[in-house]
Amino acid sequence: MAVYDHGYKGYDGPLMPARSRFLVISRYGLREAFASRLFLAFFAFCFAWPLVLLGAMYLRYNAEALTLINLDSADLLEFVQVNTWFFQSVFLRNQLMLGFVVVLVTGPSLVSADLRNQAMPLYLSRPLTRTDYVLGKLVVLGVLVSAITWAPGLLLFVIQASLGGREWLLEHWRIAPAMVIVSAVWILCMSLPMLAIAAWVKWKPWARIVFLGLIVSGSALGEFYKEFYDSWLGSMVVAFDVADALSASVFGTQGTVQMPDTAAWFAAAALASLSAALLYRRVRAFEVVK
Amino acid sequence: MGEAAPVIDLDGLGVRFGRHQVLDDLRGAFSGRAIGLLGPNGAGKTTLLNTLLGFYRPTAGTARLFGMDITAQGRELRRRVGYMPERDAFIAGISGVRFVRLMAEVSGLPPEAALERAHEVFFYVGLGEARYRNVETYSLGMKQLLKLAQAIAHGPSLLFLDEPTNGLDPPARLRMLRLIREIRDSGKARIVVSSHLLRDVEECCEEVLVLNRGRIATYCNLAEERRANRRFLELDLAAEREGAGSSFRAAIEGLGCEVAVVNRRRIKAVLPPGVEVRHIYASAIEQDVTIRRLDHKRTSLEDIFLQAMEGDDGRL
């Protein structure tokens, strides 16, 4: 069916594998996200802190550079301790917060527009399942948040391992998988609720407000419960408490939140499952009114 | 895909939403190049389309498209299907060509082929000049054509069109019907058109399935009906002499026609195979009868539809 040949013709060319079809949705989602210059600028800003830390790590092992900028190596060695605390609290905690902002900015536009403009029948009338659709959208957020959390984290880890030597690596090997696990849990626990809310609210600004509102109200309720009943149970609904407890559990450090590891894992699993169920309820070709 | 298998094979198909039985025991096999689904609002046309597309799960029976079960082989079937929904459906914030390309890629086309096809279908449906415009800026008629473009971008072998002429002005409607006929005549895709507009179905379809209250009210093969109608004549006569009418009637009966007398000046006749209208004229000349009017029977789809819609008590 060439442009000059105005007749209908079928297509009998090659087809892409069915299993990776959901990646088409991810590719288009990523392209749409980066179509906004404001988002692109913010995303670039997200790499500022890893670059600062990279610089600090470099200086720590480079006496010549320290002399050039008139800095005492002892001060720097004291100030920049590259250990579990460095990766967990100095690097990852900040990056996860930025990841949260990325999810908040990008998440709603991924599904709300499709549902508002009734695009679901168009997707689902093709060889694509609801799981493929959700997976395709999750991959967008997964790639964006991964790119500013565990991916640069692993890069910093590899650089530090090469500078610090075998001894440092043997002592701190747990940091690498811990960063990946904590980031992955964070991605799921932020992305699924954001997508679910966007699917129900269908309007981007409102979806963001509702998501923030839920986090803030959950935190307020949890803090009130903790104060009033002097119990860790309140932390179950405080997203950042759960994240801290999970992070401490995975990194093997002492957490700031008095909450059992199992409770934190349960809260994260419950949040992700509930959000997935709500999202699935909405991602349909048509609503059936019984 | 079995070539000999019917396009749609309904096998006791039923769909129930809660207590509401929307489709009930639908049976039949349909093989036409273009199949029309007719029925009043709420008859179950869209539900049938949605069930065939796998959006709803049958609560009873099953259906097959090209011999493939809609439940067991849904994913494979949807690769071969194009769907134009009734309501506005698009992806906001992107250009028309990008939207159609995305839809083609989701159907499995490689990115380069999808882009090429997207451009081609835009020109095919007549939106070539508007292909870089944001889809939200399209008029209603353009959105209808856009929906058709995304439905055919991946070259489906079965096309579901739900109310394709909805909201179109007369020229746009004619354009849409012409496109549907062209696709039908290309032989590359079978078409199922759901509409409540009898005229549209009559102009595009060869087979018609009339639904009423979730059941099949009637099935009509329009192509055969048209052929049969060509054999059914209604004649207005003016006899030049006494008894000429009777002798003319006897003469055409002699040709093998079945004849019924409506009144002294009007008769109805069914032509047997091998007898053409010119033989009737020849008999009229022989019997000194003037044929003032000769009409073929014109059972319109409207007649068929109205007959099918008649309730048990004989009222509509």
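This is a short exchange about how the terms used for this predicted model rest on cut-offs.

Trainee: What are the ground rules for this model?

Mentor: Residues are numbered from 1 along each chain as its sequence is written, and chains are lettered from A and ligands numbered from 1 in the order in which they are written. The model is predicted: local features need pLDDT of at least 70, side-chain atom pairs count only at pLDDT 80 or more, and totals for chains, interfaces and linings use all residues.

Trainee: What makes a stretch of chain A a helix, and how many helices does chain A have?

Mentor: A helix is a DSSP run of H or I with at least four residues; a strand is a run of E with at least two; both are numbered from the N terminus. Chain A has 13 helices and zero strands. Its C-alpha trace spans about 75 × 60 × 35 Å along the principal axes.

Trainee: How do you know that the length of α12(A) agrees with that of a helix?

Mentor: The expected span is 1.5 Å times one less than the number of residues. Helix α12 (residues 239-251) of chain A has 13 residues, so it should span 18 Å; its end C-alpha atoms are 18 Å apart, which agrees. Just after α12(A), A:G252 takes a positive phi of about 75°.

Trainee: Why is α12(A) called largely enclosed?

Mentor: A residue is buried if 20 or more other C-beta atoms lie within 10 Å of its own, exposed if 12 or fewer, and partly exposed in between, with C-beta atoms placed from the backbone. In α12(A), 10 of the 13 residues are buried, so the rest of the structure largely encloses this helix. Among them are A:D241, A:L246 and A:F251. The cover includes α6 (84-116), α10 (175-201), α11 (204-229) and α13 (261-282) of chain A. Over chain A, buried residues make up 38% of the 290 residues.

Trainee: What makes β3 and β8 of chain B a pair?

Mentor: Two strands pair if DSSP finds at least two bridges between them. Strand β3 (residues 34-38) and strand β8 (residues 190-194) of chain B have four, in the parallel sense. B:G36 has B:V193 as its bridge partner in β8(B), and B:A34 has B:I191. Strand β9 (residues 207-212) of chain B also runs parallel to β3(B), joined by four bridges. There, B:L37 stands opposite B:L209.

Trainee: Why are β6 and β10 of chain B said to stand at the edges?

Mentor: The open sheet of six strands has the order β6-β7-β8-β3-β9-β10 (chain B), with mixed pairing. β6 (81-84) and β10 (215-221) each have a single partner strand, so one side of each is left without a neighbour in the sheet. The twist averages 15° from one strand to the next; axes are lines fitted to C-alpha atoms, for helices over the stretch in contact, and angles run from 0 to 180 degrees between N-to-C directions.

Trainee: Is β3(B) mostly covered or left open?

Mentor: Mostly covered: five of its five residues are buried. B:A34, B:G36 and B:L38 point one way, B:I35 and B:L37 the other way. Helix α6 (residues 170-186) of chain B lies across β3, β7 (158-162) and β8, at about 150° to β8(B).

Trainee: What makes residues of chains A and B count as in contact, and how many do?

Mentor: Their C-beta atoms, placed from the backbone, must lie within 7 Å. By that rule, 42 residues of chain B are in contact with 34 residues of chain A. α4(B) gives the most to this side of chain B, with six residues.

Definitions and conventions:
Two residues are in contact if their C-beta atoms, placed from the backbone, lie within 7 Å.
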